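I opened the notebook to look up a few things in one structure. The entries follow in the order in which I checked them.

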Amino acid sequence: MQVALPFGAKAAVNGFIRSARFLQWVALKCLTILNSCYFDDFATFSVPVIASNTDACMSMLMDLLGWAFDREGPKADQFGPTLSVLGVEIDLGRSDEGTVFIANTAKRRDELVQRIEAILSAGSLTKQMALELRGRLAFAESQIMGLAGQRGLKEVTTHAHARLHNPLISPALDLALRDLKERLLHSPPRKITCHTVETWLIFTDAAFEPEPLSGGVGGVLVDPQGKVRAWFGLTLSADLVGRFMSLAQRTCVGELETLAATMAILLWGNHICSRQCVMYVDNEGAKYALTKGHSNNPTVGRLVHLARASLEDRDVISWFARVPSASNIADPPSRNCQHPLLAQEKCEPEEAVRNALATNLACLDAVRTEPVVKGRQKDPGSA
């Protein structure tokens with residue numbers, strides 16, 4: 001008969017976390033020690049002048065309550081500008097400027113890079129190894145700014161859950177693993193600033209008419225005070241809409257809705273830099289693709305990746321949601337109609353809007369010019 005719950009049992013984990021949260025609560029309420037509880041690690045914060053006193057108080061609390069902890073060794077961290085917690089490194093070196101960086105530790109990063117290199121060299125990946133790798137990569141991606149790596153993770157998941165599992169690595173998975181490796185090595189850490197608490201809103205919409213063939217895109221930027229900061233509207237030529245139709249081989253509403261969202265991100269990236277941004281789109285497919293960070297539709301997948309990369313470069317924390325047409329303030333400009341809240345002096349210059357459109361079209365041109373790999377074209381939505 002067991003005298004204790006086994007490690008990892010649901011009841012054991014629940015009790016352990018409750019106990020850890022209790023210790024955090026006592027430190028905060030009774031001793032005014034600022035700390036956070038991350039499983040069994042307590043990240044404690046202090047100004048330099050009382051750092052030694054804070055350390056002594058936290059140690060005394062553990063001793064009084066009968067909890068053993070690492071007083072020496074690699075886990076016995078001292079107060080300093082950086083802190084490592086369960087594979088995550090917190091850098092407070094620029095906290096006096098209102099900026100904190102969160103990244104993977106060098107040990108965690110090197111371990112994953114070596115594992116990916118070993119898989120690429122072997123040329124195969126079993127289902128169990130793929131599931132384990134997927135979990136570890138997803139955790140590591142959380143410490144990298146942005147979600148551009150989601151399409152790479154999708155390839156690992158698809159490989160693991162294939163109906164007829166083949167351990168051999170496909171060209172698409174090979175490219176995905178190499179991309180994830182480069183992200184681990186070179187992508188910037190997650191940056192949190194004083195402006196991160198600000199929430200901006202972006203509304204976008206696209207118009208499409210099959211007869212006669214026409215279309216348009218529009219967007220509205222709303223600041224944290226609820227005021228319209230900028231807006232744009234652009235009518236698309238029949239030739240351009242026809243080009244999207246040829247890529248989609250059906251109605252291209254989803255493609256145009258994604259195009260409008262990506263154009264808005266390119267236009268207003270400087271406004272939402274290092275801030276939270278809620279983007280409202282008027283299409284479920286576009287919202288779903290932007291949320292996931294990838295799409296099985298090559299056109300939408302390429303536009304989504306451009307949007308994700310742009311958000312990542314500007315340290316934007318994004319959220320995507322659906323807004324019905326009746327509530328979408330971006331609907332009038334997409335149809336070249338006026339709206340009382342959209343003052344003309346806040347309209348973006350046409351040249352800037354067309355430059356954003358040109359960037360998106362250049363991105364789509366890259367889809368058709370990519371080389372063929374082993375008899376099939378690379379899928380830009382998942383490679």
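This is a predicted model: local features need pLDDT of at least 70, side-chain atom pairs count only at pLDDT 80 or more; totals for chains, interfaces and linings use all residues.

C273 is partly exposed, with a relative accessible area of 27%. C347 also counts as partly exposed, at 25% relative accessibility.

**Entry 1: aromatic pairs.** I next went through the rings of Phe, Tyr and Trp, where a pair needs centres within 6.5 Å. The count came to two aromatic pairs.

One of them is F203 with Y280, a stacked pair with 5.0 Å from centre to centre and 15° between the planes. I marked where the two residues sit: F203 is in strand β7 (residues 199-209), and Y280 is in strand β10 (residues 276-281). They are 77 residues apart, and I noted that the pair links distant parts of the chain. Is F203 buried or exposed? F203 is buried, because its relative accessible area of 13% is under the 20% limit. Y280 has a relative accessibility of 24% and counts as partly exposed.

The other pair is F232 with W268. The limits explain the label, because stacked needs planes under 30 degrees apart and edge-to-face needs over 60. F232 lies in strand β9 (residues 228-236), while W268 lies in the loop between α8 (253-267) and β10. This pair ties together parts that are 36 residues apart in sequence. I found both F232 and W268 to be buried.

**Entry 2: strand β7.** Eight of its 11 residues are buried, so β7 is largely enclosed by the rest of the structure.

Which strands pair with β7? I found β10, which runs parallel to β7 and is joined to it by five bridges. In this pairing F203 stands opposite Y280, and these are the two residues of the stacked aromatic pair. I also found β8, which pairs with β7 in the antiparallel sense over nine bridges. Here A206 stands opposite V217 in β8. β7 and β8 form a hairpin, with four residues between them.

**Entry 3: backbone angles.** Most residues other than glycine have a negative phi, and most peptide bonds are trans.

In the loop between β7 and β8 (214-222) I came to P212. The peptide bond from E211 to P212 is cis, with omega near -15°.

Then I noted positive phi values. S274, in the loop between α8 and β10, has phi near 60°, which is positive although the residue is not glycine. S274 is buried, with a relative accessible area of 8%. D315 is also a residue other than glycine with a positive phi, near 55°. I located D315 in the loop between α10 (298-313) and β11 (317-322). D315 is buried as well, at a relative accessible area of 11%.

**Entry 4: a nonpolar patch.** Last, I turned to the surface. F22, W25, L31, M60, L64, L65 and W67 form a nonpolar patch there, and their accessible area together is about 700 Å².

Which helix gives the most to the nonpolar patch? I found that α1 does, with three residues. α1 (10-31) and α2 (51-64) each supply at least two residues of the patch. I looked up W67 on its own and found it in the loop between α2 and β3 (82-85). W67 counts as partly exposed, at 36% relative accessibility.

Terms used. Residues are numbered from 1 along each chain as its sequence is written. Side-chain values use heavy atoms; hydrogens and water are left out. Rings of Phe, Tyr and Trp (its six-membered ring) pair if their centres lie within 6.5 Å; planes under 30 degrees apart count as stacked, over 60 as edge-to-face and the rest as tilted. Buried means under 20% relative accessible area, exposed over 50%, partly exposed in between (1.4 Å probe, protein chains only). Two strands pair if DSSP finds at least two bridges between them. Patches are made of residues with over 30% relative accessible area and no salt bridge: like charges are joined within 9 Å, nonpolar side chains (Val, Leu, Ile, Met, Phe, Trp, Tyr) within 5 Å. Accessible areas come from the Shrake-Rupley method with a 1.4 Å probe; for residues, only the protein chains shown count as cover. A salt bridge is a side-chain nitrogen of Lys or Arg within 4 Å of a carboxyl oxygen of Asp or Glu.
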